[in-house]
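Thanks for coming, everyone. Let me put the structure up, and then I'll walk you through a few places in it.

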Amino acid sequence: MGNGKAKAKELASRFDPRSFEAATYKRWTERGYFSADPHSDRETYVIVMPPPNVTAELHMGHGLNNTIQDVLIRWRRMQGREALWVPGTDHAGIATQNVVERQLAAEGKTRWDLGRVAFVERVWKWVNETGGTILEQLKAIGSSADWSRTCFTLDPGPSKAVREVFVSLYEKGLIYRGNYIVNWCPRCATALANEEVEHKETEGALYYQRYPIVGEETAFVVVATTRPETMLGDTAVAVHPQDHRHQGLVGRNVLLPLAEREIPVIADEFVDPEFGTGIVKVTPAHDPNDFEIGQRHGLQQVDIFNSDATLSDAVPKQFRGMDRFAAREAVVEALKQRGLLEKVERHLHSVGHCYRCGAAVEPRVSEQWFVHMKPLAEPALEAYRKGEVRFIPEHWGGVYEHWLENVRDWCISRQLWWGHRIPVWYCRSCSAMHVLREDPEGCSECGSEDIEQDPDVLDTWFSSWLWPFNTLGWPDETEGLKAFYPGHTLTTAPEILFFWVARMIMAGLEFMGGVPFNDVYLHGTVRDHLGRRMSKSLGNGIDPLEVVRIFGADALRFTLMNGVGIGADLQLNCEDLEESFHVGRNFGNKIWNAARLALPHLEGAEVSELPPREKLELSDRWILSRASRATREVTDSLERFRLHEAAAGVYRFFWSELCDWYLELVKPRLYDEANREARDVARAVLHDVLDISLRLLHPLMPFISEELWLRLPRRDAVSLMLAAWPEPAPDREDPEAEAQMAILQEMLSAVRNIRSEYGLAHGQEIEVQVRSADVALRRAIEAEGEPARKLGRIARLSFDGEARGARAGATAVLTSGAEVFVPLEGLIDVERECERLDKQIKQLDALVERAERRLASEDFVRKAPEHVVEQARTKLQGLREQLDTLSEKRRALEVD
């Protein structure tokens, strides 16, 4: 396979990923390389893609999340696992309905003008036209998902699963309908689950209001509130039962201002005596804590809001129909006029906002459908504690545990038209309620056909929490379900830990008898160079497709993986793509240029197997040893989800070891036509190491690695993505060779530094004298003598040589104590260099003297802040070190 001698098309001199990335991806998909076989006898590895909203277009968060998943899938696939990555999209109830409602608004219409059926048809039309956009965009970054299994949460299969789960939980008594305090979004006109509310610190006010005590002309109680308009729905005021200041009030009535309604004073332990005056208003219809107090004391619930947060007919006439914020001002003004507003204080408090539209939510009593969560949460909590699920980073496990221990019932009904309609029907004739898996033709109680379905739809997350198994065909017993459930890894963002991750674990345990995955990798957030979260509203996002167009998908992928430390956020400069992605782009260039050097010596040639150890040169043994260690390090990093370390490991090996050292040292042998045996050994080693490098690189940079690997002779697969992941080779690991090469590298690096320091031209040959060299250094130099001399552009290399001071030059001291001396006469203008150094030394002397005088001043040391004094000491130390370095350089240019 791939062992022919035909010369492949020569690599272009300039790396241009656009010339092959699209064609490569097309070949992969056409040949079905991403598909997973449920009949395979190989061990499986499964990831389900967090389904992006059908409204979404690819942003950098998607780019990060899906690149992580693709790296893991490609790696496990190469390890021989039957790897399945299940893709799909979410119908995104609120978000999608909002998009289409905005389209209608632009036409001067509302959804009510169309009616429910026509509106839903309009949404389906929009989804069918644009809903697959983001999946196509994911292909551009190389995502190797099994697209034949693409799923949409409103597809018939998932819809069947949703009904099965709803009815099953209802039959078990875990789904119920009731009046309860919910988070109400007046913009979206629907209830929200607690996890769908984003709390923001808001600068507001604390209003101290007077409530007259009934039966006493001038006496009143003072309550503090941040929402004075809700006082119109108060049905009590409350004090703590052990607050001695107010015990005499309990059992009496106060007059509710403006509404002129008497309400009782009650005692409840929930009241915080330290808040405000220790007396609080109780509004059971509009505060979750007040709702609980109201339940305990049998208080009336007065709903003062309409669905759009205007005030309802339950309030006095002068406030009816007002917007809630206008009503707040009107209520405050009315209280002022009556002398019932004691004072107003500035107050910073947390206000809940809709996670979709950003409107401030209103707690409101409403009849909704709920899931009783505690019985589902307990097994999910136990699974975590038994180690069946682990979180990376680990601290998220504690957050998960805390949430499950304090879980509240889940409000699952939404007052929308787009989504899974609740499978409940009501008979208008006999009032019977039917919870069914299939649409009924009539009422099973009285036979009437006059039935109607519940108008609400289910929370979007009610379908998403079934994703790990409804995408595989559940509730049907499909081959895919048997083969690929449970899965293995979930990678997502921490903000949906409760929305989605915890609920999927609950659903998997409840309906499949086991957790849906074992590892949950929660990655950081993509931020801009100012540390702000990237968002459309801030205009600070980066379009991944633009990055692909400019730099290529591999550059995007490598940059993201190189920066994604565990638990850390990733910062990119939205104003300078070059700054953000140059590392990935430059690495691609380096790989391409290395291949341009290596492949002409390998393509079309009969490259032999690795020769025995005794035929290998030092550099051969070293690079083979380093390749084995790099394989172990990269594999270990991937196992531990340390993708940034895997990226750094591949980068370090390919760039610093293979390219900067081995390729340079092996060049003379590759071009040596006279010594065929040496050339063949070099070819065999180069082939082996380049093959390993490209395999290690593939999960991170699949396109360039595939393009280059297919040019290698002796390939073991038709595609690199189907080739075997490399294994460490302990028999190749050679500590002695690594130690010798480290000595040689230190010596040559010292020569390079001297060249750079004195501005010697790269091609200019120099003389090098090595003084006081130990046996190890001599052996290292002798082992790679000619290649080392060529690499260092060394015309003459000698040991010991003249005594110190015999000639002007530069000296570097190695860790062994040996000295590397480069004579500089004839290479630089020594006299001018001495003048330059003398000038710098004089300037530094003055700076050191000034810094010493400052630190010698008792006033400065005593009066200046400690950190300022410490900075001055650090600066002085740095100046002294610079002075010592320059003085040593100056002395080296003196001739005795």
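**Starting at one residue**

Glu-262 is found in strand S11. Strands here are DSSP E runs of at least two residues, helices are H or I runs of at least four, and both are numbered from the N terminus. Before I go on, the ground rules. This is a predicted model, so local features need pLDDT of at least 70, side-chain atom pairs count only at pLDDT 80 or more, and totals for chains, interfaces and linings use all residues. Residues are numbered from 1 along each chain as its sequence is written, and side-chain values use heavy atoms, with hydrogens and water left out.

Back to Glu-262. The cut-offs: buried is under 20% relative accessible area, exposed is over 50%, and partly exposed is in between, with a 1.4 Å probe and protein chains only.

What does Glu-262 touch, beyond its neighbours within four places in sequence? It is in contact with Val-214, Asn-253, Val-254 and Leu-255. Contact means heavy atoms within 4.5 Å. Now look at Tyr-211. Tyr-211 is 51 residues from Glu-262 along the chain, and their C-alpha atoms are separated by 9.9 Å.

**Two positive phi values**

Stay with S11 for a moment. The loop between strand S10 (253-256) and strand S11 (261-267) holds Leu-258. Its phi is positive, near 70 degrees, and it is not a glycine. Leu-258 counts as buried, at 6% relative accessibility.

Ala-189 is another such case. It has a positive phi of about 55 degrees, again without being a glycine. Find it in the loop between strand S5 (175-185) and strand S6 (190-192). Ala-189 is partly exposed, with a relative accessible area of 22%.

Why point these out? Most residues other than glycine have a negative phi, and most peptide bonds are trans.

**Two cis peptide bonds**

A cis peptide bond joins Trp-474 and Pro-475, with omega about 15 degrees. Pro-475 lies in the loop between helix H13 (467-470) and helix H14 (479-484).

Go past H14. Tyr-485 and Pro-486 are also joined by a cis peptide bond, and here omega is about 0 degrees. Pro-486 sits in the loop between H14 and strand S22 (489-492).

Which way do S22 and S23 run? They run parallel, joined by four bridges. Two strands count as paired if DSSP finds at least two bridges between them. Thr-489 stands opposite Asp-519 in S23.

S23 has another partner. Strand S15 (residues 390-392) pairs with S23 in the parallel sense over three bridges. There, Arg-390 has Asp-519 as its bridge partner.

Now the side chains. From strand S23 (residues 519-522), Asp-519 and Tyr-521 point one way, and Val-520 and Leu-522 point the other way. All of these are buried.

**S29, covered on both faces**

Next, strand S29 (residues 819-823). How many of its five residues are buried? Five of the five. On one side sit Glu-819, Phe-821 and Pro-823; on the other sit Val-820 and Val-822.

Who pairs with S29? Strand S26 (residues 766-771) runs antiparallel to S29, with three bridges. Val-770 has Val-820 as its bridge partner in S29. Strand S28 (residues 809-813) also pairs with S29 in the antiparallel sense, over five bridges.

S28 and S29 form a hairpin with five residues between the strands. In that hairpin, Gly-817 takes a positive phi near 100 degrees.

**Stepping back**

Last, the whole protein. It has 28 helices and 29 strands. Its radius of gyration is 37 Å, well over the 29 Å that the globule rule gives for 896 residues, so the protein is more spread out than a compact globule. That radius is taken over C-alpha atoms, and the rule is 2.2 Å times the number of residues to the power 0.38. Along the principal axes, the C-alpha trace spans about 115 × 80 × 55 Å.

Of the 896 residues, 55% count as buried. Take the contacts between residues at least 6 apart in sequence: 77% of them join residues at least 24 apart.

That's the tour.
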